[in-house]
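The following questions and answers show how computed values are set against definitions. Please keep the sequence and the model in view while reading.

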Amino acid sequence: MEGDKEKAVANEKKGRFKRMCVFCGSRTGYKPSFGEATLELGKQLVERKINLVYGGGSVGLMGLISRTVFNGGCHVLGVIPTALLPHEISGETIGEVKKVVDMHERKSEMAKHADAFIALPGGYGTMEELLEVITWSQLGIHEKPVGLLNVDGYYNSLLALFDKGVEEGFIDDPARQIVVSADTAEELIKKMEEYTPLHERVAPMQSWEMDQ
């Protein structure tokens, strides 16, 4: 009976995602909650048998998420430009590392290998990656869920800016719904599992010359 219950719980944890792309900082930030939320997200991915695609660094939140998922027995794919190897990777590399030429190829490869995207707290790079996959969804390049783990309200101002864009007529309300946000990893993944695009694509998906 106990074995059946364990199998049932494991099956409940399995969802629509096999590979999750996580954008996050190469620093840990000043609040312990950032690292704690990253570790919890890693544990949630492991419980659901979701492999990780990320930016390839082994420092900061990147290192925390990659080590947690890798040590939990899931596959980790890090995509990193050769120019950043000396700056972002310290010590032994984690999982599979794919070297690329530049940042454009990095983002394209990360998107190609993922079923969905989650952004943790991070700096300019994290925000730029997040905004690009939101834009790609709006344009019709992909229909993959885009999640924002809003740890301790870190992204409150960004979400308010999105709302301002709707208010001022620059973002359609259905397109505003592209971004799925939550305060905890478990809640965020559940919301993303239920995500259905509401916005109209700018162009048909097949018209984009990208391997998604």
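**Pockets and ring pairs**

Q: Which helices each supply at least two residues of the lining of the largest pocket?
A: In this predicted model, helix H3 (60-71), helix H5 (103-112) and helix H6 (124-139) each do so. H6 gives the most, with four residues.

Q: What is the volume of the largest pocket, and which residues lie nearest its centre?
A: The volume is about 440 Å³. The lining consists of 21 residues, and Gly25, Ser26, Arg27, Gly122 and Gly123 lie nearest the centre.

Q: How is the lining of the largest pocket divided by class?
A: It has nine nonpolar, eight polar and four charged residues.

Q: What makes up the lining of the second largest pocket, by class?
A: This pocket, with a volume of about 180 Å³, has a lining of eight nonpolar, two polar and one charged residue. Among the lining residues are Phe162, Phe170 and Arg176; Arg counts as charged, and therefore Arg176 belongs to the charged class. H6 and helix H8 (173-176) each supply at least two lining residues, and H6 gives the most, with four.

Q: Why are Phe34 and Tyr154 called an aromatic pair, and why is the pair called edge-to-face?
A: The structure holds three aromatic pairs. In the pair of Phe34 and Tyr154, the rings lie 5.7 Å centre to centre, with 75 degrees between the planes. Ring centres must lie within 6.5 Å, and planes over 60 degrees apart count as edge-to-face; therefore both terms apply.

Q: Where in the chain do Phe34 and Tyr154 lie?
A: Phe34 is in helix H2 (residues 32-47), whereas Tyr154 is in the loop between strand S6 (146-149) and helix H7 (156-167). The two are 120 residues apart, and the pair links distant parts of the chain.

Q: How do you know whether Phe34 is buried or exposed?
A: Its relative accessible area is 10%. Buried means under 20%, so Phe34 is buried.

Q: Why is Tyr154 called partly exposed?
A: Its relative accessibility is 34%.

Q: What makes Tyr154 and Tyr155 an edge-to-face pair?
A: Their rings are 4.9 Å centre to centre, with 85 degrees between the planes. The cut-offs are within 6.5 Å and over 60 degrees, so the description holds. Tyr155 is at 1% relative accessibility and therefore counts as buried. Ring pairs link Phe34, Tyr154 and Tyr155 into a cluster.

Note on methods:
Residues numbered from 1 in each chain as written. Predicted model: local features only at pLDDT ≥ 70, side-chain atom pairs only at ≥ 80, totals over all residues. Heavy atoms only, no water. 1 Å grid on protein atoms, 1.4 Å probe; cavity = no way out; pocket = protein on both sides within 12 Å on 5 of 7 lines; lining within 4 Å. Points joined across faces, edges and corners; volume = space filled by probe spheres on them. Phe/Tyr/Trp six-rings, centres within 6.5 Å; stacked < 30°, edge-to-face > 60°. Buried < 20%, exposed > 50% of the residue type's maximum accessible area, 1.4 Å probe, protein only.
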